[in-house]
Amino acid sequence: MKLLLINTSEQKGGAAVACKRLMKALSGAGVEVKMLVRDKTTDNEQVISVNRGGATQKLNFLRFAWERFVIFYSNHFNKENLFAVSIANTGIPITDHPAVKDADILHLHWINQGFLSTSEIEKLAKLGKPIVWTMHDMWPATAICHHSRECNNYQTECKNCFFLKAPGDKDLANSIFKKKKSVWEKAGIHFVTCSRWLEKRTIVSALVDKTKVRAIPNPLDIDFYKNNDCRAARERFGLPLNKKLILYGAANVTDKRKGIDYYLDACRLLSQKYAETSGELELVFLGQVKENIDGLFPFPIHQVGYLSDDTAIRDLYNAVDLFVIPSLEENLPNTIMESLSCSTPCVGFEIGGIPEMIDHQKNGYLAKYKSADDLAAGIHWCLWEADYGKLADNARQKVIDCYSEDAVAKSYIGLYNQILTDNK
């Protein structure tokens, strides 16, 4: 069995991280696997880039820019929701790539922002090779959006899209929906969702064959992400040794979809309702801070910036007492998995795949959706009311039971073998 994983980036974004971890897990299980990407950033020989030099990179950027321009133009030159949708109207031709020709199974992951077009996926399907597609968001099951929020149009036919400034029966979403439906029906794609929540949302889509949808979580190296010396970790980042520390992380810390406003409100409530403990608390921010947050929070803050080194990220989880993820849209966040594996409890909203990871008051706290008050209560409960040692032990055990490389690789290999057998 020769497997080719296909993702826009080698390292940037949660899907890239998950894809590369799957490659490692499958390699460890004896599968011959490679990863084809547009944006390669390491010297890993298993990872192959479609870029062949500066000219190709410029052309690829133009493809990305063209897709964004069409969205921008179709949306009456409004930047709102510019990156909440993708139309895959252009992409890189890869059907003749040696890695594609050599593979027995093509395994798509996140292929947006000018990497693969819908037409290119159609050409891949015509090669006759089985296609597996791990969904890291809802885009493969909708017309243009990466998360449909409260909209259920994708269950019948996307149109009147609320992401567009001029929605209608024949809007941009409707034309893309019809194109994808035509391609998906002939391609026979096997869809894998990273969470049971996304599985439930996918099987009702008019674009997919519900008999070819199943949930398999992302894998994690539990021997790497584990509990280490907290004191040494804090010293590495220059963090105080005698405070309770909360970690909040996102690629863009101030992204509204990541719940920064609710986190800010929750912190203000913590300082007001639990004044007796507020002096013990400080905050740590992981990721790019594109807007000034100095002075907004009632607690001292420590910004560590964007970290790409896995060892540094692991040490940061070990340096803190709690990881808070107030996201308003999520599938199966790698960050929760990493934190739990390092025995650091988590607090998050009851949304998406998060309830599959955080077991309420067992390894963390599930707050009511968009309730800053409950978010504050959950933080306080974990840090000052719960049996913290038991929370930490349960956090680690959750990852061992559900997300280890061995368990996830076994599930995928079973799927691959079934598909190859059915295709004979």
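Ala 88 lies in the loop between α2 (54-74) and α3 (98-102), and in this predicted model its phi is near 50°, a positive value in a residue other than glycine. Most residues other than glycine have a negative phi.

**Backbone with positive phi**
- Ala 88 is buried, with a relative accessible area of 6%.
- Lys 370, placed in the loop between β13 (364-367) and α13 (372-385), likewise has a positive phi, near 60°, but Lys 370 counts as partly exposed at 41% relative accessibility.

**Strand β4 and its partners**
- Strand β4 (residues 105-108) is covered on both faces, with Ile 105 and His 107 buried on one side and Leu 106 and Leu 108 buried on the other.
- In a regular strand the side chains alternate between the two faces of the sheet.
- Strand β1 (residues 2-9) runs parallel to β4 and is joined to it by 4 bridges, and Ile 6 stands opposite Leu 108 of β4.
- Strand β5 (residues 131-135) also runs parallel to β4, through 3 bridges, and the bridge partner of His 107 in β5 is Val 132.
- From β4 the chain passes through helix α4 (residues 118-125) to β5, in a β-α-β crossover that is right-handed.

**Nonpolar cores**
- The largest nonpolar core has 66 residues, and those with the most contacts inside it are Tyr 263, Phe 285, Phe 297, Leu 316, Ile 336 and Ile 379.
- Beyond its neighbours within four places in sequence, Ile 336 is in contact with Phe 323, Ile 325, Cys 346, Ile 354, Met 357 and Ile 358.
- A second, separate core has 51 residues, including Leu 4, Phe 115, Ala 141 and Leu 164.

Terms used
Residues numbered from 1 in each chain as written. Predicted model: local features only at pLDDT ≥ 70, side-chain atom pairs only at ≥ 80, totals over all residues. Heavy atoms only, no water. Helix = DSSP H or I, 4+ residues; strand = E, 2+ residues; numbered from the N terminus. Buried < 20%, exposed > 50% of the residue type's maximum accessible area, 1.4 Å probe, protein only. Core = buried A, V, L, I, M, F, W, Y, C linked by side-chain atoms within 4.5 Å. Contact = heavy atoms within 4.5 Å. Pairing = 2+ DSSP bridges. Right-handed = clockwise from strand over helix to strand, strands pointing away.
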